[in-house]
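Q: Please take a close look at one part of this model, the pairing of its charged side chains. Then place that part in the wider fold.

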Amino acid sequence: MDTLPYAVQTAFPLLFLVVPAAGALVSCRRRAPERRPAEIWQRWWVIGALGCGSLWMTLSFLTMPGAMAEAIGFARTPFQFEIAFANLGLAVLGFRAASASPRERLTVGLSAAAFLWGAVVGHLDQWFAHGDHAPGNTGGVLLYDLLIPAVVIAMALRDMRQASALRSGAAVPAA
């Protein structure tokens, strides 16, 4: 990891945000008329950002724990094995959410938030209290950990409001 520039190392997690966004944009342009753009975005986001991003973290922590410890600025510990399987749980939730109801996606988003927003607090503590500016502790990982659950939650709440409006007969804006 020492050979890669700091900016590249810290920006890597953003690929798991950019690729699903690009995929959703292309898919929306080529969509069948009956497929709602919001549905396309949700599927790309939960599969690409949450599912694939978390699976990548799982594999990284299991197969290269030394490099991951260095990337986050921590000593290598057995705790990394636990982090790998916490991320595996998030990956399973992300892949499951692709075909889930809005209420289930809300639960997935809240579950992801419990872990990832807790990780954000830990990253910020390490950054400000201990001066840990390692690429895996600051930068892209903070955006990833903040945005993944926030977007899943926001999209699920939007779908739940739309479904409620449809049930009550209110006009629903096209999305």
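**Charged pairs in their fold**

A: Start with the contacts (heavy atoms within 4.5 Å) in the protein that have a separation of 6 or more: residues 24 or more positions apart account for 70% of them. The model is predicted, with local features needing pLDDT of at least 70 and side-chain atom pairs counting only at pLDDT 80 or more, while totals for chains, interfaces and linings use all residues. Residues are numbered from 1 along each chain as its sequence is written, and side-chain values use heavy atoms, leaving out hydrogens and water.

The protein has 7 helices and 0 strands (DSSP runs numbered from the N terminus, at least four residues of H or I for a helix, at least two of E for a strand). Along the sequence, the pattern reads α-α-α-α-α-α-α. The C-alpha trace spans about 55 × 30 × 30 Å along its principal axes. Of the 175 residues, 39% are buried (under 20% relative accessible area; exposed is over 50%, partly exposed lies in between; 1.4 Å probe, protein chains only).

Now the charged pairs. The structure holds 4 salt bridges (a side-chain nitrogen of Lys or Arg within 4 Å of a carboxyl oxygen of Asp or Glu). Side chains of opposite charge can pair when their charged atoms come close.

Take Arg36 and Asp159. Their side chains meet in a salt bridge of 2.9 Å, N to O. The pair links distant parts of the chain. Arg36 sits in the loop between H2 and H3, Asp159 lies in helix H7, and 123 residues separate them. How do the two ends compare, buried or partly exposed? Arg36 has 33% relative accessibility, so it counts as partly exposed. Asp159 has a relative accessible area of 9%, so it is buried.

Next, Arg43 and Glu39. Arg43 is partly exposed at 31% relative accessible area. Glu39 is partly exposed as well, at 24%.

Arg43 also gives a reference point for Arg96. Along the sequence, Arg96 and Arg43 are 53 residues apart; in space, their C-alpha atoms are 10 Å apart. Arg96 is placed in helix H5. With a relative accessible area of 40%, Arg96 is partly exposed.

Which residue does Arg96 pair with? Its partner is Glu104, and the closest N and O atoms of this salt bridge are 2.8 Å apart. Elsewhere, salt bridges that share partners join Arg36, Arg105 and Asp159 into one network. Glu104 counts as partly exposed, at 34% relative accessibility. The side chains of Arg96 and Glu104 are also joined by a polar contact of 2.8 Å (N or O atoms within 3.5 Å; within protein, one must be able to donate a hydrogen and the other to accept it, and residues adjacent in sequence count only if both atoms are side-chain atoms).

Then there is Gln42. This residue is in helix H3, residues 37–63. Gln42 is buried, with 4% relative accessible area. Its side chain makes a polar contact with the side chain of Arg105, at 2.4 Å. Not counting residues up to four places away in sequence, Gln42 touches Arg105, Met155 and Asp159. Two of these names, Arg105 and Asp159, return from the network with Arg36.

The largest nonpolar core has 16 residues (buried Ala, Val, Leu, Ile, Met, Phe, Trp, Tyr and Cys joined through side-chain atoms within 4.5 Å). Leu17, Trp45, Leu50 and Ile148 have the most contacts inside this core. The elements giving two or more residues to it are H2, H3, helix H5 (79–97), helix H6 (102–130) and helix H7 (140–168).

Leu50 shows the local packing list. Leaving out residues up to four places away in sequence, it touches Trp45, Leu90, Ala91, Gly94, Val108, Ala112, Tyr144 and Ile148. Among these, Trp45 and Ile148 are again core residues with the most contacts.

Conventions: Contact means heavy atoms within 4.5 Å.
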